[in-house]
Amino acid sequence: MPRTRRPLSGHPVMITGAASGIGRGLAQLLSRRGSPVAIADIDESGLKQTAAGLSGRVFTRVLDVRDADDQLAFAAEVREWLTAPLAAVFNNAGVAVSSSVLDAVPEDDEWLRRINFDGVVNGTRAFLPILVEQDSGVIVNTSSVYGLAGMPYQSAYCAAKFAVRGFTDSLRQELRGTGVSAVTVHPGGITTNIARNARIRKDPEGLGRTHEQMAAQFEAITMTSPEKAAEIICLGVERVKARILVGPDAYLFDVLTRVAPTHYFDVIAVLQRRLEARAKSGATV
């Protein structure tokens, strides 16, 4: 009989990208629910802030997810730290780049790819042996709605997030018949620092906006807080979902790419302009 519930509360988990955003939200939520949490991020200061706000058992590690060897070392450390089977591995770290394909800086695209895709692969390969050995647990890899739809000026980000989606879907099929599973998460617009920390050389649309202005514009139309995103993700994992859509905009992207696979951006662009206009006027979205 198929499983109808996969408990997370009270069980150990590992989370990358835990210094802020969704990663911090997951750590806070699961710690409150009694889960020991192993958290990692390259941002040591933010990681310490996250750890300071957790009420339960916590293991912290400064980690560059691009480093496959260090991911293996981290997994070995977590294995030693565990006192119970590892329930979930959240490969969540991510960054952003905004540029046209014509003006793309290869070094920026490579930086993004190595974090957003290679980091997920490295984390999966490092922790999967632990889950396979115990024959339980779940790999939870963060893609994006931009892993469902190609968006202008987001070619590097979309490519990496589509890759996470394909990688995780393939892994899920490989794990059929075992006690281990794989889940893809597709967040919509989440109110995090990802836009402010993005690499943007110039306004890709040629409108002369500053980095700060573009970040503020993104944040004005986000629909979901990191805390709400964490709740949705944990509920989806516990309900044994293979794919988790986070936020109303994620559901919109999913529907549009199915019913209008080559024209979805026409609709998205109109809705985005309306959201931006409402945000400028101070209206409630």
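**Labels and their cut-offs**

Author: Let's start at V240, which follows helix 7 and has a positive phi, near 60°. Helices here are DSSP runs of H or I with at least four residues, strands are E runs of at least two, and both are numbered from the N terminus. This is a predicted model, where local features need pLDDT of at least 70, side-chain atom pairs count only at pLDDT 80 or more, and totals for chains, interfaces and linings use all residues. Residues are numbered from 1 along each chain as its sequence is written, and side-chain values use heavy atoms, with hydrogens and water left out.

Reader: How do you know that the span of helix 7 agrees with what it should be?

Author: The expected span is 1.5 Å times one less than the number of residues. Helix 7 has 13 residues (226-238), so it should span 18 Å, and its end C-alpha atoms are 18 Å apart.

Reader: What makes F59 and W81 an aromatic pair, and of which kind?

Author: Rings of Phe, Tyr and Trp (its six-membered ring) pair if their centres lie within 6.5 Å; planes under 30 degrees apart are stacked, over 60 edge-to-face, and the rest tilted. F59 and W81 are 6.0 Å centre to centre with 35° between the planes, a tilted pair. F59 lies in strand 3 and W81 in helix 3, so the pair ties together parts 22 residues apart in sequence.

Reader: Which kind of pair do F117 and F167 form?

Author: Edge-to-face: 6.2 Å between centres, 90° between planes. F117 sits in helix 4 and F167 in helix 5, 50 residues apart.

Reader: How do you know that the charged end of R199 sits over the ring of W111?

Author: The rule wants NZ of Lys or CZ of Arg within 6 Å of the ring centre and within 35 degrees of the ring normal. The charged end of R199 is 3.9 Å from the centre of the W111 ring, and it sits over that ring.

Reader: What makes a nonpolar core, and which residues touch the most other members of the largest one?

Author: A core is a set of buried Ala, Val, Leu, Ile, Met, Phe, Trp, Tyr and Cys residues joined through side-chain atoms within 4.5 Å. The largest has 35 residues, and F74, V78, L86, V89, L112 and F127 touch the most other members. Its largest share, eight residues, comes from helix 4.

Technical notes:
Buried means under 20% relative accessible area, exposed over 50%, partly exposed in between (1.4 Å probe, protein chains only).
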